[in-house]
Amino acid sequence: MQTIHGVALGPGDPELLTLKGLRLLKEADVIFYPGSLHQGKKKSFVYPLLAYHNLENKELVGFYLEMSDNRTSAKEVYSNTVKQIEKVYAQGKKVCVVCEGDISLYASFSYILNELQTLNLPVNLIPGINSFTLGAAKHQVPLSLLNDKIAIIPRVNTMEEINTYFKNFDTLVLMKIRSGWQHFEKALIQQNLTCYYCERLGTDQEFITTDLQEVSKREIPYFSLLIIKKNRKDD
């Protein structure tokens with residue numbers, strides 16, 4: 001029987017897909033891809049990446065998740081998707097399941113992986129470039145040097161949290177900042193720390209800046225992050 005492949009597509013630039021990942025996608029019969037469901041409208045960040053590589057001739061199956069902290073609906077979607085995967089796998093088809101970013105970092109695939117492993121189905125994971133690695137590259141700044149310590153933190157809500165993490169880390173990567181940004185933006189600006197903001201990396205809507213005053217004027221999208229260094233701008 002075939003192996004089910006989880007393939008990371010990278011942060012948004014279709015050319016930042018690994019050669020191995022692309023080969024497996026081209027060999028696949030069925031590709032499952034994630035999307036979002038908001039107010040009845042379906043949208044997929046990864047579908048254009050598949051289209052870029054001329055994979056629309058494959059059997060493409062979307063699974064759409066409601067944009068909500070309530071995980072009940074998401075669990076049902078994942079379970080139904082796994083049932084579909086199990087069915088086409090039993091038919092002898094080559095199956096890939098894709099996700100944006102990396103395959104193991106805040107990835108929708110991780111929930112599917114857990115259920116596939118419970119079913120004892122053979123799975124192979126192909127890692128990808130994550131968003132903050134691309135962000136550091138776009139800003140042309142090292143994430144770490146020598147013995148620097150890095151923390152990856154989702155949904156920070158206060159400046160106190162940030163200061164607490166800086167007691168043990170030199171660089172903070174704040175993910176999913178949209179929900180908490182308004183609660184700590186003013187305090188962060190006042191501290192004059194070295195910050196690198198990124199949104200919609202790898203897409204034609206990409207925006208990066210080191211000016212937090214500029215960020216304050218923008219509507220923060222879901223696909224955004226902030227890299228903060230412990231040192232201040234005037235150090």
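## Basis

Helices (H or I, at least four residues) and strands (E, at least two) are DSSP runs, numbered from the N terminus. This is a predicted model: local features need pLDDT of at least 70, side-chain atom pairs count only at pLDDT 80 or more, and totals for chains, interfaces and linings use all residues. Residues are numbered from 1 along each chain as its sequence is written, and side-chain values use heavy atoms, leaving out hydrogens and water.

## Phenylalanine 63

Phenylalanine 63 sits in strand E4 (residues 59-66). Its relative accessibility is 3%, so it counts as buried (under 20% relative accessible area; exposed is over 50%, partly exposed in between; 1.4 Å probe, protein chains only). Leaving aside residues up to four places away in sequence, its contacts include Phe32, Tyr33, Val77 and Ile112 (contact: heavy atoms within 4.5 Å).

## Salt bridges

The whole structure holds 5 salt bridges (a side-chain nitrogen of Lys or Arg within 4 Å of a carboxyl oxygen of Asp or Glu). Glutamate 59 pairs with lysine 93 at 3.4 Å, N to O. Glutamate 59 is in strand E4 and lysine 93 in the loop between helix H3 (71-90) and strand E5 (95-99), so the bridge ties together parts 34 residues apart in sequence. Glutamate 59 is partly exposed at 37%. Lysine 93 is also partly exposed, at 27%.

Glutamate 199 meets arginine 218 at 2.8 Å, N to O. Strand E9 carries glutamate 199, and the loop between H8 and E11 carries arginine 218. Glutamate 199 is buried at 1%; arginine 218 is partly exposed at 30%. Shared partners join Glu199, Arg200 and Arg218 into one salt-bridge network.
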